[in-house]
Amino acid sequence: MHRRHFLGSAALAATSLMLPWVGGAQAFAAAPRRRLLPLALNPGDTIGLVSPSAATDEPLDLQLAQEAMEALGLKVKVGPHLGARRGHLAGSDAERAGDLNAMFADREVKAIVCARGGSGAARLLPLLDYAAIRRHPKILLGYSDITALHNALLSQAGLVSFHGPIGIGSWNSFNADQFRRVFFQREQMEYRNSADKGDELVQRRNRTVTITGGKAQGELVGGNLSVLVALAGSPYLPDFRGKILFLEDVSEAPYRIDRMLSTLRLMGALDQVAGVIFGECTECDPGNGYGSLTLPQIFDDYFKPLKVPAYRGAMIGHIRQQFIVPVGGRVEMDADAGTFRMLEPVFAG
């Protein structure tokens, strides 16, 4: 992602740290923790609205985020620094981490919605109170830069969290329906792309493509590829063994996607997964014709040799209509059908 232009050198440095251990073992990865399910959410409950990453320069966006949550039938408690700004960040690291810790500790708050992504969530990871989070497990919803929080919560607290729309994003009928089905109805979802062809004779949008056929089961890990790879060499990267890896990204040239997947391969992560689901790579076109590998070529290069089920095109990523998926939830994927489904409940009680 353009906002992380430093990623190439960071990934290279992280990879060099990992060279001495060969055979796919993950250096610095946190020891697997017992999976912890968040408490369920019901209409009328209070959610906390926080901004752990970038600032929002349009106050109306934050108002719309609050109104969207209220339209879903929820009460909203706003983080004290929701509208703060320090450079590109929504306040200082201490302020943003303080808002997040306070929402987890607040017994009135039943779930936490991130207002936006951007950049900066990884700065908070050493400042979060994981012991308190384990005592008060709650839903956390967001995507993009919030990938850093999802992986930290999973690796440090074992907490299942949810990759999906941010507060200031579009709350169209598809996203609102996903929210109600996942959180209010607690449906064990099957994630199947919308079959709406629009005015096309054949379906073009939201089309899945099989890379390697087959079915696999495992817990979901992943999120935004750029943010995930930037955690390399840290204790906040989860265990990849036997997991279903899901990925997405935005505004990345194919050569950058290639570099990041190379990092995952060099560190042994790809060799450990049971399956791969790549969502959308939005605005990731190669540009000036020849002179670049295409994304399908890159996916074939990295995913086909794994000989595990893999497909691309799932409705995950920087797109208007998004699945809400449980990071750490156990699923079964079907790469031939281009679907995956929850195998177990993802809420306590």
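Predicted model: local features only at pLDDT ≥ 70, side-chain atom pairs only at ≥ 80, totals over all residues.
Let's start with Arg-241, which pairs with Asp-239 in a salt bridge whose closest N and O atoms sit 2.8 Å apart. Asp-239, at 13% relative accessible area, is buried.

That pair is one of twelve salt bridges in the structure. Another joins the side chains of Lys-77 and Asp-106, at 2.7 Å from N to O. Here the pair ties together distant parts of the chain: Lys-77 belongs to strand β2 (residues 75-78), while Asp-106 lies in the loop between α3 (93-105) and β3 (109-114), 29 residues apart. Lys-77 is partly exposed, with a relative accessible area of 26%. Glu-108 comes in here too, linked with Lys-77 and Asp-106 in a network of salt bridges.

Now step back into helix α3 itself, where Arg-96 and Asp-93 lie three residues apart, about one turn of the helix. Their side chains meet in a salt bridge at 2.2 Å, N to O, and both residues are buried.

From charges, on to the nonpolar side. In soluble globular proteins, nonpolar side chains tend to be buried together. The largest nonpolar core here has 104 residues, and the members touching the most others are Phe-162, Phe-179, Phe-183, Leu-261, Phe-303 and Phe-340. Take Leu-261 as a way in: beyond its neighbours within four places in sequence, Leu-261 is in contact with Leu-225, Leu-247, Leu-270, Ile-298, Phe-299, Tyr-302 and Phe-303.

Methods: Residues numbered from 1 in each chain as written. Heavy atoms only, no water. Core = buried A, V, L, I, M, F, W, Y, C linked by side-chain atoms within 4.5 Å. Buried < 20%, exposed > 50% of the residue type's maximum accessible area, 1.4 Å probe, protein only. Contact = heavy atoms within 4.5 Å. Salt bridge = Lys/Arg side-chain N within 4 Å of Asp/Glu carboxyl O. Helix = DSSP H or I, 4+ residues; strand = E, 2+ residues; numbered from the N terminus.
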